Amino acid sequence: MTHGLTDGQFFSMVASFLGPYYLALALMNGLAALYLWRSGQLKTWFSLPVPGLGKVAITNSAGWLLLATMFAILGAIAGSGWVSMLALPEGLRDAINQGTGPVVYSLGTTAMLVLLYLFRSFFVKPVVAWTIWNLMWLFLGLSMTDSDFYEIVAKPDNVPIVMLVFLLAFFTWLGTARAVENDDRIARGEPPLEKLDDEKVLVWPDLVYIELICMIALMAFLIFWAIALPAPLEEAANQAKTPNPSKAPWYFLGLQEMLVYYDPWMAGVVLPSMIVAGLMAIPYLDFNKKGNGYYTIKERPFSYTVFQFGFLEMWITLIVLGTLLRGPNWNFFGPYEHWDAHKVEALINVYLSDLWWKDLLGMSPPVAAAGSSTLTQIGYIIYREWLGIVLVLGYFIVLPPIMALTVFRSFYQRMGFVRFMVMTNLLLFMASLPIKMVLRWVFNLKYLITIPEYFLNF
Amino acid sequence: MRSGKADMADKKKMSVAEMIAAARKADSGGGEADDQPNKTDSSEAEAPAKVSQGSAPSKSVPKPGEAGRPSVAEMLAMARGEKSGAEKAAPKKAAEKKPAAKKPAAAKAATPSKPAEPRDTASILAAARKPSKAGPMSKAEAAAKEKANPKKEKPKIVVPPMPQKPAYAIAPPAPKNSSKKGAGEETRRGFLAEGFTFLGAALLLWTVATVKFMFPNVLREPPSKFKVGLPDEFPPGQVNTKYKAQFAVWISNGEYNGQQQIYALRSVCTHLGCTPNWLEAEQKFKCPCHGSGFYKDGVNFEGPAPRPLERYAIRVAEDGQIEIDKNQLFFEEKGEWDNPSCFIPV
């Protein structure tokens, strides 16, 4: 899209986008200020002593109005073609590129999730949330002036992923805010918000009308979208030529990312089936009767954190990673990095058995003598891979009883043996993905158990 | 009252309006019967009573409106009854009197039997339907019912006998024992036989065409055995990608286990079947799908591919050219690359 464009041409193209973009942000903040003012939710942030007028109270409405003005000015600057002024500094972009290795990315999102969880009552405050919301949009706007970033983000394929990030941020905030408020109410002995408004409504016309209106609005939006961003068509299929990078549909990118770390049999068949079966098992594993019909975190801390980890961390961030940060040859690229098909990355895999036999003991791995029986060969294979087998079996067999005795003691007592084992094994399988990712990225460790003879790798 | 209801319910098909009317009639009739002794102005009250006796003794299903407002015919009948009974009252007067007479009667009927009178439609219907069992009934029940309420004789329709067919309408008798059929003559059997013959023929043609469809005239797959040139055309250290597009094979001249050899690698990633690319600058095969990497000799070293690329059978043909046979595959992890049919030593 930006190939063969000079900087000037590129900037004029971005300017035509960024002008309306910043004006829309200004409008958004202006509307927020208007809403606060009209609904009488004014709060005085601080008082500014102005000579002649005495103290002037700066309210939240005035604050957002000020921000709207700033965005309007940015829009004017961008619209006039002076885009290079609205870019993140080169040094910062380089630092972000260097910083967003896969390890930093995944561990960083985990850390962020933990922070958001621990300080949720702070982050759901409207002022804080609105500030973060504005910062997200500002970051996107400032980054758009980078041609490499623009090329990836503005690709019609990837626009929904950008929308997904923002929509998810909004809905996560919405749910968390309701939950935090409900938790406060429950702590005070009041019923949750949803119980106050427990009135039944009629399917017809109340619900059906809303659905009809939503349907029409969504249709209009999709038509507009299809006209504005035409779906990209690739060249005719050719068996000998795979597009580089070759990406799954966006909703499967989490699975595609998983395929990098596991044997194809595991990542393509076993784990997806376990995801489906595990989701179906949730109602039978869940013994917590609270939180039925209202948002709450404090009453369901385990379910909440597991879900947020599995959904936000293991599914959404992997989709974002696969869409925006995986480039040619499935290499990892920073957000402002050029997608160079010849980027050289030393990713030479090591196997655990090789580490044990070759590096630690300094000998070649044991191999059955040629022509020996199948059983002998299998015995030698098990001997060769003993460390990995012990680790994997220990992970899945020894850990659940330990968990039952320590951290999940009350769970075990309430769930019983079978349900507890199913739950912990699902949990351990879920946790094995980030473990495998970190092992791969940090140590280049490919498999713990390597038995290519029987397509058995883990 | 109950017996009246049962009577009514026995009429199998009664419209709703009829049921309501019948129920009201029964109620008001009962009320009137109760009221009779209390009545003082009998001259006025007698008129409707007479009417009901005179006009509808034989009618089992009362007409709608009979209880409330009498029809024109009933009015006339009523007037006649009055004439014959009282003689002195003129028809006009009777017509004038009648509504006045009716109203107090209805009002009186309403007052004493208060619980019965202002009934809603649903309760009337329910009451009317109750005695007869809903749904299917057993044979015994049906018989009992039949016995209890013998069906009313339907009026017999007398049909005049059909007239004799005229001579011209009588078909001439078919010629008996005529073994030879006329040319234009068709029997049903013959028609069916012909039809099925044609149908079978069409079906056979379809089958043949379908089978033919399975073997198109175009050969889409390149031959699995093909020649790629003399061994001199593959200098050491080079990977030939010329045959990748058509035959999905790389022919390379490289070192494996310390031996320089020419071999043919299948250009299918062992991870999930994408087609990797040969990157000359990095001297490796790299798969665009999940980033698997293979050395020049086809052994996997990075990314998720679980095993090395596969080799095809290769040999020097009688004319000195290299011939590749895609029908045979050789797997490194099974130790098959030592097999001399999968490489040409240089």
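**Sheet in chain B.** I started with the open sheet of 4 strands in chain B, which I read in the order β5-β6-β7-β8 with antiparallel pairing. I noted β5 (277-279) and β8 (300-302) of chain B at the edges; each has a single partner strand, so one side of each is left without a neighbour in the sheet. A reminder to myself: this is a predicted model.

Next I looked up β6 (residues 284-286) and β7 (residues 293-294) of chain B, which pair in the antiparallel sense over 2 bridges. Which residue of β7(B) is the bridge partner of B:F285? I found B:F294 there.

**Contact between the chains.** I then turned to where chain A touches chain B: 27 residues come from chain A and 24 residues from chain B. On the chain A side, helix α11 (residues 253-261) brings the largest share, 4 residues. I sorted that side of chain A into 14 nonpolar, 10 polar and 3 charged residues.

**Cores.** My next stop was the largest nonpolar core, with 28 residues. Those with the most contacts inside this core are A:M258, A:Y261, A:Y262, A:A267 and A:Y447. I see at least two residues of the core supplied by each of α11, α12 (264-285), α13 (301-325) and α18 (417-443) of chain A. Which helix gives the most? That is α11(A), with 5 residues.

I followed up on A:Y262: setting aside neighbours within four places in sequence, A:Y262 is in contact with A:A267, A:L271 and A:K436. Last, I logged a second, separate core of 22 residues, which includes A:L18, A:W64, A:L74 and A:L86.

Methods. Residues are numbered from 1 along each chain as its sequence is written. Chains are lettered from A and ligands numbered from 1 in the order in which they are written. This is a predicted model: local features need pLDDT of at least 70, side-chain atom pairs count only at pLDDT 80 or more; totals for chains, interfaces and linings use all residues. Two residues are in contact if their C-beta atoms, placed from the backbone, lie within 7 Å. Ala, Val, Leu, Ile, Met, Phe, Trp, Tyr, Cys and Pro count as nonpolar, Asp, Glu, Lys and Arg as charged, and the others, Gly among them, as polar. A nonpolar core is a set of buried Ala, Val, Leu, Ile, Met, Phe, Trp, Tyr and Cys residues joined through C-beta atoms within 7 Å. A residue is buried if 20 or more other C-beta atoms lie within 10 Å of its own, exposed if 12 or fewer, and partly exposed in between; C-beta atoms are placed from the backbone. Two strands pair if DSSP finds at least two bridges between them.
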